[in-house]
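Please read the following with the sequence and the structure side by side. The text goes through the sheets, then some details of the backbone, then the ligand.

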Amino acid sequence: MFQLLDGKALSLQIKDELANEVRQLTGEGRRAPHLAAVIVGEDGASMTYVANKEKSSHEVGFTSSVYRFAERTTEEELLKSIDFLNNDPEIDGFIVQLPLPKHINEQNVINAISPDKDVDGFTSVNVGRMVLSEEAYLPATPMGICTLLKRYGVETVGKHCVVVGRSNIVGTPVANLLSRKGFDCTVTLCHSKTQNLAELTRQADILIVAIGKPEFVTADMVKEGATVIDVGIHRIPDDTKKSGYRLIGDVKHSEVDKHCAWVTPVPGGVGPLTIVSLLQNTMKAYKRHEGIK
Ligand code: NDP
């Protein structure tokens with residue numbers, strides 16, 4: 001019988017912990033932590049993500065602000081605004097919602113964020129610090145996966161972790177974090193050119209799937225008793241739902257779950273922990289700015 005790595009429940013618990021901390025800090029007469037978001041254009045998924053981040057910020061008592069820019073905004077204009085946010089002492093951390101319109105160079109914009117306020121952990125400086133195991137803001141989704149494994153007490157030391165997908169925001173950093181001292185996994189990182197993928201995934205004690213292909217991982221690709229982390233999120237049209245769609249992952253849960261020891265559901269697995277990690281990074285930035293240990 002599998003056990004759920006319930007990201008929704010854990011996120012509520014961590015949000016409660018953060019809200020208590022904020023209450024205590026503001027009770028002492030301090031300002032609340034402040035998370036800002038920059039969004040360019042009107043992409044539906046991006047607007048939903050930013051709205052969720054804003055809602056979560058308010059739930060824990062953070063100040064939150066959103067800077068909205070038209071699709072036609074130039075890179076230069078955007079860089080000026082980033083400079084403004086970097087220098088605003090009232091803002092502890094901010095994120096630039098990706099993707100950006102095609103005429104803007106994403107890496108230029110990300111690297112313009114002060115590493116000190118880069119609570120998404122996407123700047124080259126923070127990525128470098130992470131790889132060297134220095135103090136860094138860790139990217140939110142990999143950090144959320146680590147929190148799930150840690151808080152649910154999933155054994156990682158000496159385990160074989162297979163990560164499928166090598167993106168800069170999920171696969172590559174999570175592979176790095178889990179191979180570090182503390183987690184001590186032996187990590188295999190797979191991608192679209194990997195040969196005999198199923199042979200590798202079947203060896204995984206911990207299988208992390210972040211490829212962006214609906215229900216790609218089937219039961220024959222998973223070892224009995226494995227821990228499976230499904231990062232994928234896809235909207236599938238569904239007339240039986242009020243919203244008109246349902247969410248599914250990169251793993252075919254209807255057949256995989258019964259073979260697992262631990263598994264993340266979709267929705268309610270990795271997603272809620274991603275937002276919580278952003279809040280935790282903002283709290284960390286706030287404490288640094290306020291000189292609080
Ligand atoms: P990307 O599209 O950036 O990367 C996908 C990766 O999967 C690439 O490395 C690609 O390989 C690899 N890949 C694609 N097809 C295969 C295949 N057939 N076999 C093996 N590897 C393959 O995706 P992201 O990492 O940004 O996102 C992955 C999924 O996670 C998406 O569904 C996304 O929506 C979701 N997501 C969820 C988050 C959450 O909070 N829950 C946060 C971020 C993402 P190659 O490099 O060779 O092209």
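In what order do the strands of the open sheet of six strands lie? The order is E1-E11-E8-E7-E5-E6, and the pairing is parallel. Keep in mind that this is a predicted model. Strands of a sheet pair through backbone hydrogen bonds, in either a parallel or an antiparallel way.

The two ends of this sheet are strand E1 (3-4) and strand E6 (186-190). Each of these edge strands has a single partner strand, so one side of each is left without a neighbour in the sheet.

Now look at one pair inside the order. Strand E5 (residues 160-164) and strand E7 (residues 206-209) run parallel and are joined by four bridges.

Which strands form the open sheet of three strands, and in what order? The order is E3-E2-E4, again with parallel pairing. Strand E3 (63-69) and strand E4 (93-96) are the edge strands, and each of them pairs on one side only. From one strand to the next, the twist averages 15°.

Strand E2 (residues 34-40) pairs with E3 in the parallel sense, over seven bridges. Among the residues involved is Ile39, whose bridge partner in E3 is Arg68. Helix H2 (residues 44-59) packs on this sheet, where it touches E2, E3 and E4. The direction of H2 makes about 160° with that of E3.

In the loop between E4 and helix H4 (106-112) lies Pro99. The peptide bond that leads from Leu98 to Pro99 is cis, with omega near 0°. A cis peptide bond also joins Val266 and Pro267, where omega is about 0°. Pro267 is placed in the loop between strand E11 (260-263) and H10.

The angle phi is worth checking at two loop residues. Ser133 is in the loop between helix H5 (124-131) and helix H6 (140-151). Its phi is near 60°, a positive value in a residue other than glycine. Asn196, found in the loop between E6 and helix H8 (197-201), is not a glycine either, yet it has a positive phi of about 50°.

The last stop is the ligand. Which residues come nearest to the ligand? Of the 22 residues around it, these are Arg166, Ser167, Ser192, Lys213 and Thr274. The shell around the ligand divides into 10 nonpolar, 10 polar and two charged residues. Helix H10 (residues 270-290) gives the most to this shell, with three residues.

The backbone of the protein also comes into the picture here. A polar backbone atom of His191 is 3.4 Å from a nitrogen atom of the ligand. For Val231, a backbone N or O atom lies 3.4 Å from a nitrogen atom of the ligand. At Ile233, a polar backbone atom is 3.3 Å from an oxygen atom of the ligand. How much of the ligand does the protein bury? Taken alone, the ligand exposes 940 Å², and the protein buries 71% of that.

How values were computed. Residues are numbered from 1 along each chain as its sequence is written. This is a predicted model: local features need pLDDT of at least 70, side-chain atom pairs count only at pLDDT 80 or more; totals for chains, interfaces and linings use all residues. Side-chain values use heavy atoms; hydrogens and water are left out. A residue is near a molecule or strand if one of its heavy atoms lies within 4 Å of it. A polar contact is a pair of N or O atoms within 3.5 Å; within protein, one must be able to donate a hydrogen and the other to accept it, and residues adjacent in sequence count only if both atoms are side-chain atoms. Accessible areas come from the Shrake-Rupley method with a 1.4 Å probe; for residues, only the protein chains shown count as cover. Ala, Val, Leu, Ile, Met, Phe, Trp, Tyr, Cys and Pro count as nonpolar, Asp, Glu, Lys and Arg as charged, and the others, Gly among them, as polar. Two strands pair if DSSP finds at least two bridges between them. Axes are lines fitted to C-alpha atoms, for helices over the stretch in contact, and angles run from 0 to 180 degrees between N-to-C directions. Contact means heavy atoms within 4.5 Å.
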